[in-house]
Amino acid sequence: MRNGRGRARSRLLTLVQVLIVIAVLVAGTSLGRTLALPGDAGVLSRIADWGRANHLSFLVDGAGRLR
């Protein structure tokens, strides 16, 4: 009985890890494409614009308050 639970937990952990890797790859690709756009805007400005365009304005605004 213990082996069945351990195996199920291991599969669940593997699934979660795969989903995290996929999410990081998608976000990283999106952010990388934004940073590669031509123009003279700075990196922080581009990251902030990317965050706002991807519904992360609460993080952008929160980080702006820390400055």
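Biologist: Which element gives the most to the lining of the largest pocket?

Modeller: H2 does, with five residues. This is a predicted model, in which local features need pLDDT of at least 70, side-chain atom pairs count only at pLDDT 80 or more, and totals for chains, interfaces and linings use all residues. Residues are numbered from 1 along each chain as its sequence is written, and side-chain values use heavy atoms, with hydrogens and water left out.

Biologist: What makes a residue part of that lining?

Modeller: A lining residue has an atom within 4 Å of a pocket point; on a 1 Å grid over the protein atoms alone, a pocket is an open set of points where a 1.4 Å probe fits, with protein on both sides within 12 Å along at least five of seven lines. Among the residues that pass are Leu-44, Trp-50, Leu-59 and Arg-67. Two or more lining residues come from each of H2 and helix H3 (57–66).

Biologist: Which classes make up the lining?

Modeller: There are eight nonpolar, two polar and one charged residues. Ala, Val, Leu, Ile, Met, Phe, Trp, Tyr, Cys and Pro count as nonpolar, Asp, Glu, Lys and Arg as charged, and the others, Gly among them, as polar.

Biologist: Why is Val-21 called partly exposed?

Modeller: Its relative accessible area is 47%. Buried means under 20%, exposed over 50%, and partly exposed in between (1.4 Å probe, protein chains only), so Val-21 is partly exposed. Val-21 is found in helix H1 (residues 2–35).

Biologist: Which residues of helix H2 are buried?

Modeller: In H2 (residues 43–53) they are Arg-46, Ala-48, Trp-50 and Gly-51. Over the protein chain, buried residues make up 9% of the 67 residues.

Biologist: How many helices and strands does the protein chain have?

Modeller: Three helices and zero strands. Both are DSSP runs numbered from the N terminus: helices are H or I with at least four residues, strands E with at least two.

Biologist: Why is the protein chain called more spread out than a compact globule?

Modeller: Its radius of gyration is 18 Å, well over the 11 Å that the globule rule gives for 67 residues, so the protein chain is more spread out than a compact globule. The radius is taken over C-alpha atoms, and the rule is 2.2 Å times the number of residues to the power 0.38. Those C-alpha atoms fill a box of roughly 60 × 30 × 15 Å, taken along the principal axes.
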